[in-house]
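User: I would like to learn how to read a model of this kind, one feature at a time. Can we start with contacts between charged side chains?
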There are 2 protein chains.
Amino acid sequence: MGAAAERAEEENEEWAGVTPDAARRLVSAAVEAFAERGYHATTTRDIAGRAGMSPAALYIHYKTKEELLYRISGIGHEKALRIMGAAAEAEGSATERLRDAVRTFARWHAEHHTTARVIQYELQALGAEHYTEITGLRRRTDRLLRQIIQDGADSGEFRADDVPGTTLAVLSLCVDVARWFTADGPRTPDEVGTLYADLVLRMVGAPADRTPEGQAG
Amino acid sequence: MGAAAERAEEENEEWAGVTPDAARRLVSAAVEAFAERGYHATTTRDIAGRAGMSPAALYIHYKTKEELLYRISGIGHEKALRIMGAAAEAEGSATERLRDAVRTFARWHAEHHTTARVIQYELQALGAEHYTEITGLRRRTDRLLRQIIQDGADSGEFRADDVPGTTLAVLSLCVDVARWFTADGPRTPDEVGTLYADLVLRMVGAPADRTPEGQAG
C-alpha cells in the first residue's frame, strides 16, 4: 500500500464516526486546511473546494467554520480522554498504568499529528460555549493522569514531590509530539511511545528494575 | 508598576536590538497579530494599524510580511541559541550544566511565550532560504544540549540509553511551555524553570543526592 493510500485509510479510521460520507470528507478537508494555513486564514469555500463540494453543499452539514472546528476538537479530545481512561482504569500497578498511558497518549499524538496540532493550537478559536465544553474534556483527561501519578506517589512506587507539576509536564511532553513528529522522521509512532514511557517512568522516580522494557506490553 | 506597563517594559527589552523605534514597534505588533490570528490571516495593513502606522510607513522598514516573520524568528532563535550556549560552555559538571540549560530555556519559553509560539508554530511560513537559515540555528541549539547529555552519559553521571531521543524529549518539554503557559497561571516562569530542571535531571537518571534544590543556582 502506498503512502497516499495509507493516509486515506488512516483518515477513514480517524473520522469513522462522522456520517454521512460528505460530512466526513468535510471534516477531513477542514483538518488539512486548518493545519496548513491556520483556522482564521481558512474559509468555508476553501474547505468545500478541498472536499470537492460546493459551499452550499458544505452548509447542509455545517452552518459555520467554527462548527467544523468544534466537531474536530470534540472527536479528538474524546479520543484522548478514552485513551487516558483505558490506561487509568486498567488492572496493574501505577507503574504499569503510567507506562501504558504515556505510551498510548504519545503514540496517538504522533499518529494523528495533523489533527492534534489543530485541536491544540486552535483551541482559542472555539466559541465560548464550545470552548467550555472542550476544556472540560481536557480537565477530565488531566485528572485521570494525575490520579495515576498520585496513586504511585501514595503507594511509594513513585517519588513525585509535585504531583500537579509532574502531571503537567507529562501531558505537555506527549502533546508536543504533534508539533515535531513527521512521518519521514527516524522514529515510528510506536517507538516514540516506548521511548517516552521509559523517560516518564524515570521522571517520576519509578525504580529501573521494576520497569523493564515491554513489561506492560 | 501595572501589568500593562510591565508588559511594555518586557517588550522593550525583548526587541531592544531592533532599531529604529518604528521598526521595533512593527516587530512587536506583528508578534501580537501572528499569535492572535495566525501568520496567514494577518495582513501588513493589520500590523501597521496595530503599530499606529500607515501601510506605506511599514513598507519603509519591511518589504513583506515574511520579512517581519523572519526578523522575529531570527531574534527568537538566536536568543534560544545564546541561552543554550551559555549553559553548555559554563564550568561545572554535566548535571550542573543540564540543570542550568533546562532552567533558563524553560523559563525563557514561559517569559516570552507569545513570541515563542509564533516562532515555533509559523516556522513553515518562512521562505525557503530563511527556513534553511533558521533551522540551522535550531540544529546548533539542539547539538549544544545533546553534547551536555552525552557528556553526562560519558562521565557516568547520567543513565541515558538513547541520547538523541532524550535530547529531543528535553527540548520538546521546554518548547511546549510556550503553548500552555499563561501569566495568570499558578506558576511563575522561574518556578517552571526549577520544576523542569528537577524533572529532567531525574529523566536522565542523575542521582537525587547529587542534585539538591538550587545546587547550580
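Analyst: In this predicted model, a salt bridge is called when a side-chain nitrogen of Lys or Arg is within 4 Å of a carboxyl oxygen of Asp or Glu. B:Arg25 and B:Asp21 pass that test, with an N to O distance of 3.6 Å. The two residues are 4 positions apart in helix H2 of chain B, so about one helical turn separates them.

User: Are B:Arg25 and B:Asp21 buried or exposed, or what lies in between?
Analyst: The cut-offs are under 20% relative accessible area for buried and over 50% for exposed. B:Arg25, at 37%, is partly exposed, and B:Asp21, at 41%, is partly exposed as well.

User: What is linked to A:Asp21 by salt bridges in chain A?
Analyst: There a network of salt bridges links A:Asp21, A:Arg24 and A:Arg25.

User: Which parts of the chain does the salt bridge of B:Asp151 and B:Arg97 link?
Analyst: The side chains of B:Asp151 and B:Arg97 meet at 3.3 Å, N to O. B:Asp151 sits in helix H8 of chain B and B:Arg97 in helix H6 of chain B, 54 residues apart, so this pair links distant parts of the chain. B:Asp151 is partly exposed at 24% relative accessibility, while B:Arg97 is buried at 11%.

User: How many salt bridges does the structure hold over all chains, and how many cross the interface of chain B and chain A?
Analyst: Over all chains the structure holds 20, and the rule finds 4 across the interface of chain B and chain A. One of the salt bridges between the chains pairs B:Arg202 with A:Asp161, whose closest N and O atoms are 3.1 Å apart. Another is formed by A:Arg187 and B:Asp162 at 3.2 Å, N to O. A:Arg187 lies in the loop between helices H10 and H11 of chain A, and B:Asp162 in the loop between helices H8 and H9 of chain B, so the pair joins two chains. A:Arg187 counts as buried at 18% relative accessibility, whereas B:Asp162, at 26%, counts as partly exposed.

User: How should I read the interface as a whole?
Analyst: Begin with residue counts and area, then ask which elements contribute. Here 31 residues of chain B are in contact with 31 residues of chain A. The two chains bury about 2800 Å² between them, with 56% of that area on carbon and sulfur atoms. Between the chains, 14 residue pairs are in polar contact. On the side of chain B that touches chain A, helices H2, H7, H9, H10 and H11 each supply at least two residues. H9(B) gives the largest share, 8 residues. By type, the residues on this side are 15 nonpolar, 6 polar and 10 charged.

User: What does the fold of one chain come to?
Analyst: Chain A has 11 helices and 0 strands. Of its 217 residues, 52% count as buried. Among contacts in chain A with a separation of 6 or more, 68% are between residues 24 or more positions apart.

User: Which residues does B:Val118 touch, beyond those up to four places away in sequence?
Analyst: B:Val118 lies in helix H7 of chain B and is buried, at 2% relative accessible area. Leaving out its sequence neighbours up to four places away, B:Val118 touches B:Val31, B:Phe34, B:Ala35, B:Leu69 and B:Leu123.

User: Where is a backbone oxygen found beside a polar side-chain atom of B:Thr104?
Analyst: The backbone oxygen of B:Asp100 is 2.8 Å from a polar atom of the B:Thr104 side chain, and the backbone oxygen of B:Ala101 is 3.3 Å from one. B:Thr104 belongs to helix H6 of chain B and is buried at 16%.

User: Which peptide bonds are cis?
Analyst: Most peptide bonds are trans. Among the cis ones are the bond from A:Thr19 to A:Pro20, with omega near 0 degrees, and the bond from B:Thr19 to B:Pro20, with omega near -5 degrees. A:Pro20 is in the loop between helices H1 and H2 of chain A, and B:Pro20 is in the loop between helices H1 and H2 of chain B.

Definitions and conventions: Residues numbered from 1 in each chain as written. Chains lettered and ligands numbered in written order. Predicted model: local features only at pLDDT ≥ 70, side-chain atom pairs only at ≥ 80, totals over all residues. Heavy atoms only, no water. Contact = heavy atoms within 4.5 Å. Buried area = accessible area lost by both parts, 1.4 Å probe. Polar contact = N/O pair within 3.5 Å; in protein donor to acceptor, adjacent residues only side chain to side chain. Nonpolar A, V, L, I, M, F, W, Y, C, P; charged D, E, K, R; others polar. Buried < 20%, exposed > 50% of the residue type's maximum accessible area, 1.4 Å probe, protein only.
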